[in-house]
Amino acid sequence: LGLALCAGSLCTESGAASRYHDYCVIGAGPSGLQAAYFLQQAGRDYVVFERSHVPGSFFALYPRHRKLISINKRYTGKSNSEFNLRHDWNSLLSHDRRLLFQRYSPDFFPDADKMVRYLEDFASLLKLRVQYNTAIIHVTLERDGQAWNGHYFLLTDQDRQNYKCSSLLVATGTWVPNVVNFPGSEYVEGYETVSINPEDFAGQTVLILGRGNSAFETAENILGVTNFIHMVSRSRVRLSWATHYVGDLRAINNGLLDTYQLKSLDGLLEGNLEDLAIIKDKKGKLHVTLRFYLENRNTSAGIDSITFPQDELDNFATRAPYDRVIRCLGWKFDFSIYNRTLRMMPGKGNKKKYPQIKPSYESRGTRGLFILGTASHSVDFRKSAGGFIHGFRYTTRAVHRLLENRHHGVPWPSTVYPVTQLTNSIIKRVNEASGLYQMFSVLADIILLRENATAFEYLEEYPVGVLAELEMQTGRKASNGLFVIIMEYGRNFSGADKDVFYYNRAVGEAQHAWQSNFLHPVIYYYKRLPTEHDMRLRPRDWPLPRPDAVHHIVEDFLTDWTAPNAHILPLRRFLENCLSTDLRNFFAESCFLFAFTRQKLPPFCRQGYVRMQGLVGSEGLRRHAVEAGLLEDYTHTDFSGDRAPDSHEGSQDQLLRDQAIPVRPLQHLVNAKDE
């Protein structure tokens, strides 16, 4: 009876103590804080759980040697803040100009301690609701038909305090070290605990397991004091400048490649780590052998009875013993806290370190559970920047906009423009938008055409993986066709085995724009919204299905797509062909002439001139138009403005030139002429 009463008491207390929030965010790293910012700006009920006493605790330890590889470019020659974010890989998105990372460090590759301080200020200055020292140790579901997604998420912390929320945003990153088990792996030191004092490695011979930035960062730190360093991994080295993937080896860490190729003792090897075995001799030296040599060995025998590869192949590469073996194999997502009811499953192949999610960043197993930040990188692994701050700050915003539409009826933000602004709108965005630039091939601007293509609706940075769900996910209609603006590299330009410095690697002519290699804008045109079937059948490595028409804006050395002939003119003609209309801008004189010579006026005249809209004429503008051949040079006309009002000679010029005379509707002009 006592046990029953005690259990009942605990259950009652637990149920009564549950605290409810609409949104629960696990993790106060960069993506968690970014999500909190958008939720707070929208006035939503949320809480962020952080197991440490400060936000961004991952950066308090990593990278171990304290230098970030995310660039902090303080000067670009431009004052456009959106453009400058293209080259600021550390700042989170906010309205507060104080929270730009360049105010925290002048270094191009900043110290990680500056990131910790930055995230602390981001949370405190914006008054984000972060609950520190709260480690969520278990997450499960509670079915309820009245809940947003048909269930609530129940979270339990280390003190057995329960929390209930309608939507769960997981922003814990990947922090569990990848470990490979093989005979002798107990002698291996982990990246997370190995000494970072170079003097501890003086005169030693070191073997590093791994081939990523953490492995090369470790090697770079001890390169000058060791006898030699060998590095072994199952895959060949991937250079970020060749793959155009910022998660691959960066130049700042690749000193070992120099000493390897210039034959200064260090070296790189390829092999399956699970096939290795490490034997420790009586002197503490570590010998590398292969697992199958140990399979039939008498375990009671000493090291002298072990067969090593060099016994059969006397020039075996790793025949020299090592003083230390260091594991630098990266991290993986922590699945341990999630109950099986959430069906949080790891990905497949090289994505198994991430949970399986949809292109909308929602879990494939549970509705209402979204993965943010580094852990969401399976969507664009080795393709774009979604696993890094300068990428997931935009995907987090996209998730917030999806949630705003789903749960609060707030449509995806959009702006409506007349069709005459179509070319200008695209040119403006491809020249300054940071989300398109950083999340190339993943986020796209969507242009929804209105009926008869007289106007369009512009949506920014929508995930292209869920293009077929656009109407449902955004609350916007796409019944009259659409354009999709995206940034892409050339199809065959990126890869570990590619020579990206070959002669004639860049395209300069507009007619060859489709062969552009470097990052450039691509515009897809669809007469109807693609379906899920279309998305599944899209060509391999294409971000989108085959369009009705496609246009590449030729790559530009300065990433400045404003050249009138090379960039703007081909784009305008492409848009005109898609819409069967004339998107040119005209002077009032031309519109006046078209009114009497054409059955249908161009959109610019119809939406501007006829409605008494447009630029006010001036002598400077007229002179420029004459010199450009856009207007005739009426040299006989008196431009002083002193002509008698009743004189009809040059009256058309006078009408268009004189600022004191307003441009009147067409029918008024016709009536005046008749009179």
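How many of the 675 residues of the chain count as buried? In this predicted model, the answer is 50% of them.

View 1. Now look at who touches whom. Take the contacts between residues at least 6 apart in sequence: 65% of these join residues at least 24 apart.

**View 2. F493, in a loop between two strands.** Here we zoom in on F493, which sits in the loop linking β20 (482-488) and β21 (520-526). Is F493 buried or exposed? F493 has a relative accessible area of 2%, and since buried means under 20%, F493 counts as buried.

**View 3. F493 and the residues it contacts.** Set aside the neighbours within four places in sequence, and F493 is in contact with A242, H244, K498, V500, Y502, N517 and F518. Pick out F518 from that list: F493 and F518 are 25 residues apart in sequence, yet their C-alpha atoms are 7.8 Å apart in space.

**View 4. R397, in helix α10.** Next stop is R397, part of helix α10, which covers residues 389-408. R397 is buried because its relative accessible area is 18% and the cut-off for buried is under 20%. Which residues does R397 touch, not counting those up to four places away in sequence? Look for F38, L93 and E461.

Conventions:
Residues are numbered from 1 along each chain as its sequence is written. This is a predicted model: local features need pLDDT of at least 70, side-chain atom pairs count only at pLDDT 80 or more; totals for chains, interfaces and linings use all residues. Side-chain values use heavy atoms; hydrogens and water are left out. Buried means under 20% relative accessible area, exposed over 50%, partly exposed in between (1.4 Å probe, protein chains only). Contact means heavy atoms within 4.5 Å. Helices (H or I, at least four residues) and strands (E, at least two) are DSSP runs, numbered from the N terminus.
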